[in-house]
Amino acid sequence: MSSVAKKGWNLYMIQLQHHPLRTKAITAGVLSGISDSVAQKMSGIQRLQLRRLVLKVLFGVAYLGPFGHFLHKLLDSIFKGKRDSKTVAKKVLLEQLTSSPWNNMLFFLYYGLIVEKRSWPQVKSKIAKEYPSVQMTSWMFWPIVGWINHRYMPLQFRVIFHSLVAFCWGLFLNLRARSMTLIKQ
């Protein structure tokens, strides 16, 4: 690792140790922003939509980072920080039955009402059409990520790992949302 990268990593680790919530929130926001920028380019948007980008960063900073921080602390508290296979399976199951549906629903609401400025009936219709297949896809993808996260990642890195994987998931959701918008036009 180069000295600049190593120094940057060390500074990041210090921030993570001294200000875990803030560091995870900022990390989630930055990764949400990068994910949205890439999704915009991949979906053929010629000029970066700054409002959309800022709103996605805000979602990461205000919701994704803090939610993940407290969720992982709560799960470790409930299961006493255990990492055996049976406990990890329980954590993953609990996460998939609670936070996964909630996070996907909240994304649909936020993206439709705030980012796209659509009316409630339009968003409600989109949720009725798209949410079930997105949630089913989520249940095929995220349990594997959850297993790796709860089994192998130390608590302080779980939100960061989750945010890195969510970068790809965000691309999927953004492109899916965008493709549905293009189909309606």
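Okay, Asp-36: its relative accessible area is 0%, so this residue is buried. What does its side chain meet in a salt bridge? That would be Arg-52, at 2.7 Å from N to O. Arg-52 is buried too, with a relative accessible area of 5%. And the two come from distant parts of the chain, Asp-36 sitting in helix α2 and Arg-52 in helix α3, 16 residues apart. Keep in mind that this is a predicted model.

On confidence, the chain averages a pLDDT of 91, and 93% of the residues score at least 70. Among the elements, helix α4, residues 85-97, has the highest mean at 96, while helix α7, residues 155-184, has the lowest at 77.

Just after α2 comes Gly-44, with a positive phi of about 90 degrees. There's also a nonpolar surface patch of about 420 Å², built from Ile-26, Val-30, Ile-34, Val-38 and Met-42. Look at the spacing there: an α-helix has 3.6 residues a turn, so residues three or four places apart point the same way. Take Val-30, which lies in α2: its relative accessibility is 46%, so it counts as partly exposed.

Back to charges. How many salt bridges does the structure hold? Five. Two of them involve Glu-116: Arg-118 forms one, with the closest N and O atoms 3.1 Å apart, and Lys-126 forms another, at 3.5 Å. Glu-116 is in the loop between α5 and α6 and Lys-126 is in helix α6, so that pair ties together parts 10 residues apart in sequence. Lys-126 is buried, at 8% relative accessible area. Then there's a network, where salt bridges that share partners join Asp-76, Lys-91 and Arg-158. As for Arg-118, its relative accessibility is 23%, so call it partly exposed.

In general, most residues other than glycine have a negative phi. Is Lys-117 buried or exposed? Exposed, because its relative accessibility is 59%.

Last topic, the aromatics. The structure holds 11 aromatic pairs. One of them is Phe-59 with Phe-107: the ring centres are 6.4 Å apart and the planes sit at 70 degrees, so that's edge-to-face. Again we're linking distant parts of the chain, with Phe-59 in helix α3, residues 50-78, and Phe-107 in helix α5, 48 residues apart. Both Phe-59 and Phe-107 are buried.

Compare that geometry with Tyr-63 and Phe-67, which are stacked, 5.1 Å centre to centre with 25 degrees between the planes. Those two are four residues apart in helix α3, so about one helical turn separates them. Tyr-63 counts as buried at 14% relative accessibility, whereas Phe-67 is partly exposed at 25%.

Which residues make up the aromatic cluster here? Phe-59, Tyr-63, Phe-67, Phe-107, Tyr-110 and Tyr-111 form one together. That's what I've got, thanks.

Notes
Residues numbered from 1 in each chain as written. Predicted model: local features only at pLDDT ≥ 70, side-chain atom pairs only at ≥ 80, totals over all residues. Heavy atoms only, no water. Patch = residues over 30% accessible without salt bridge, like charges linked within 9 Å, V, L, I, M, F, W, Y side chains within 5 Å. Areas by Shrake-Rupley, 256 points an atom, 1.4 Å probe, with all protein chains shown as cover. Salt bridge = Lys/Arg side-chain N within 4 Å of Asp/Glu carboxyl O. Buried < 20%, exposed > 50% of the residue type's maximum accessible area, 1.4 Å probe, protein only. Phe/Tyr/Trp six-rings, centres within 6.5 Å; stacked < 30°, edge-to-face > 60°. pLDDT = per-residue confidence, 0-100.
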